[in-house]
Amino acid sequence: MAGLYQRHPYPGKLIVVEGIDGSGKSTQLHLMHRWLEASGYRVFFTEWNSSDLVRRAIRRGKKKDLLTPTTFSLLHAADFADRLIYQIMPPLKGGMIVLADRYVYTAFARDVARGVDPRWVREVYSIAPRPDLALYFRVPIETALERILSGRQKLSYHEAGMDLRLAPEARESFRIFQSRILDIYDELTREFDLKVIEATREIDDQQRLVRQLVTQVIGGVAPRKPYERQSLLRLRPALQKNGQP
Amino acid sequence: MKDSRFYGYGLPYKKTGNLKGSLIVIEGTDHVGRSTQIEQLKPWLEVEGYGVVSTRWTRSALLYETISDAKAGNRLNASTFALLYAADFADRLENEIIPALQAGLVVVADRYMYTAFARNKLMGADPTWSRSMFGFALVPDLVLYLKVDLGSLIPRALEGKGMDYWESGMHQAYGADIFESFCNYQRRLIREFNALAKEFNFFTIDAKKSPETIQRKLREHIGGFLRDHKGVVKEQPAPQTAVAVVTPEAVVAPLADLAAEVADEVEAAELIVAEASK
């Protein structure tokens, strides 16, 4: 299980964000992504639960409420393994900056809140390399609820832990389930040295802190040289003239 | 505290209660006749008065399609493969095997986690990792291992469905053509199973014997086990086809076995020497 407790040997950098739904982590990651690209870095982005292969099985299982805590955990691990091998490792080995929206800590929090053994889920994910920087966006449960409900979406069935039958009503179930997850995240912060960002602060204040922390870890990575960026810009109109997209 | 009925950390969130039934596993490499034997065990057990269900590897409602898709798309890596196997197994364990055991049935499993241990290792997954992910599995009451050697496997495969892509380990490019790859892959698989048989105390049955003889051995052993644990099974008359007298085969076969094992060991040693001198 050395992977998650030791620095990886690859030339790239792995930066991950963690936090419950409504913590604003994806917004912060998006801003970080834009900034890194504008600074000329080669960046690769990957998201939890997004490999084509496993997504369908997960969706089917979720829809029919077929998943047990163990199959829920293993399917997400299969998704993770697929992305690890085809998406995360190649750019990490090739010297790029890899940004991950959620990482193994999501499984350590959620799956344990669902009742699997914490040691077991760590063993399952022991194939993962340790990130160079793991940011945890901490938010009080009520703030998260407000953000989700005032905005775009309904509470998702599994995010609210409805499959656990904690409470008949989604909002109350979310409160109970995500509070458990917040407690576990606090423990993970110590175990895995996650950098805590108070997600109740203003977006730009948080982003300033994020960029400071990122700057400290990407020292060894070279951004594209100015002429490489230039040639990209110069090539584009030429390609369009030739009828290429 | 660890629940000793499980291989590892178990299913902490699940109240498994008293598992009154018995979990009997039939293991073995491809083409040893597992499913035929299980089909014949079922009516016999029922006549003996046991409720029986059987469960098959990679046949869970949840994952059957995904695993088929993944194989068809041919993009599986060792880790994803291992985790999908484990998820399929967990689904059947929680939704089929445990409820049946709670109800007091005899569950006959066509393959179990040992198949994953063997295949994952050949695909290059870290053996410690691939085992620890099965920590939620129940330890079976009985594992019966149908053991063959490569020589008797080849004609069976050819006369059956033929040598299929996965059974031949073509995904790992074990040989220049499918025949060579089949031989190399199955030889390694058999060697893994033989090692697992020692480690996990399988009851080994010589699958080179006739199907009737194998069935008789299975019944003897399963009957004996259930008798000790349940006291229900009656004495079984030997099946019609059973060989009662000492035949030349009965004398020669154990020697042939021994010779095959020695040959295997020699080959393994040669491989190690060859790899070391690279």
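Trainee: What share of chain B is buried in this model?

Mentor: Buried residues make up 38% of its 278 residues. Keep in mind that the model is predicted. A residue goes into that group if 20 or more other C-beta atoms lie within 10 Å of its own.

Trainee: And what is chain B built from?

Mentor: Chain B has 9 helices and 5 strands. Along the sequence they come as β-α-β-α-α-β-α-α-β-α-α-β-α-α. As for contacts between residues at least 6 apart in sequence, 78% of those in chain B join residues at least 24 apart.

Trainee: What order do the strands of chain B take in the sheet?

Mentor: The order is 2-3-1-4-5, in an open sheet of 5 strands with parallel pairing.

Trainee: What makes strand 2 and strand 5 of chain B edge strands?

Mentor: Strand 2 (52-56) and strand 5 (203-206) each have a single partner strand, so one side of each has no neighbour in the sheet. On average, neighbouring strands here are turned by 20 degrees against each other, direction ignored.

Trainee: How do you know that strand 1 of chain B pairs with strand 3?

Mentor: Count the bridges. Two strands pair if there are at least two bridges between them, and strand 1 (residues 22-28) and strand 3 (residues 106-110) of chain B have 5, in the parallel sense. Ser22(B) stands opposite Val106(B), and the bridge partner of Leu23(B) is Val107(B).

Trainee: Which strand does strand 1 of chain B pair with over 5 bridges besides that?

Mentor: Strand 4 (residues 142-147) of chain B, again in the parallel sense. There, Ile26(B) stands opposite Leu144(B).

Trainee: Why is strand 1 of chain B called mostly covered?

Mentor: The count is 7 of its 7 residues buried. Ser22(B), Ile24(B), Ile26(B) and Gly28(B) point one way, while Leu23(B), Val25(B) and Glu27(B) point the other way, and all are buried.

Trainee: Now the helices. How do you know that the span of helix 3 of chain B agrees with its number of residues?

Mentor: Set the two values side by side. At 1.5 Å a residue, the 25 residues of helix 3 (residues 78-102) should span 36 Å, and the end C-alpha atoms are 34 Å apart, which agrees.

Trainee: Where does helix 3 of chain B bend?

Mentor: At Leu93(B), by about 45 degrees. Just after the helix, Gly104(B) takes a positive phi of about 90 degrees.

Trainee: Why is helix 3 of chain B described as largely enclosed?

Mentor: Because 21 of its 25 residues are buried, the helix is largely enclosed by the rest of the structure.

Trainee: On to the two chains. How many residues of chain A are in contact with chain B?

Mentor: 27 residues of chain A are in contact with 25 residues of chain B. On the chain A side, the elements that give two or more residues are helix 2 (52-63), helix 3 (69-93) and helix 5 (118-124). Helix 3 of chain A gives the most, with 10 residues. By class, that side has 15 nonpolar, 6 polar and 6 charged residues.

Trainee: Why does Ala81(A) count as buried?

Mentor: The cut-off is 20 or more C-beta neighbours within 10 Å, and Ala81(A) has 27, so Ala81(A) counts as buried. Ala81(A) is found in helix 3 of chain A. Leaving aside neighbours within four places in sequence, Ala81(A) is in contact with Ile127(A), Ser79(B), Thr80(B) and Leu83(B).

Trainee: What makes the phi of Asn49(A) and of Arg165(A) worth a look?

Mentor: Phi is positive in a residue other than glycine in both cases: near 60 degrees for Asn49(A) and near 55 degrees for Arg165(A). Asn49(A) lies in the loop between strand 2 (43-47) and helix 2 of chain A. Arg165(A) is in the loop between helix 6 (141-150) and helix 7 (170-192) of chain A.

Notes
Residues numbered from 1 in each chain as written. Chains lettered and ligands numbered in written order. Predicted model: local features only at pLDDT ≥ 70, side-chain atom pairs only at ≥ 80, totals over all residues. Helix = DSSP H or I, 4+ residues; strand = E, 2+ residues; numbered from the N terminus. Expected span 1.5 Å × (residues − 1). Bend = angle between axes of the 7 residues up to and from the residue. Buried ≥ 20, exposed ≤ 12 C-beta atoms within 10 Å, placed from the backbone. Contact = placed C-beta atoms within 7 Å. Nonpolar A, V, L, I, M, F, W, Y, C, P; charged D, E, K, R; others polar. Axes fitted to C-alpha atoms, helices over the stretch in contact; angles between N-to-C directions.
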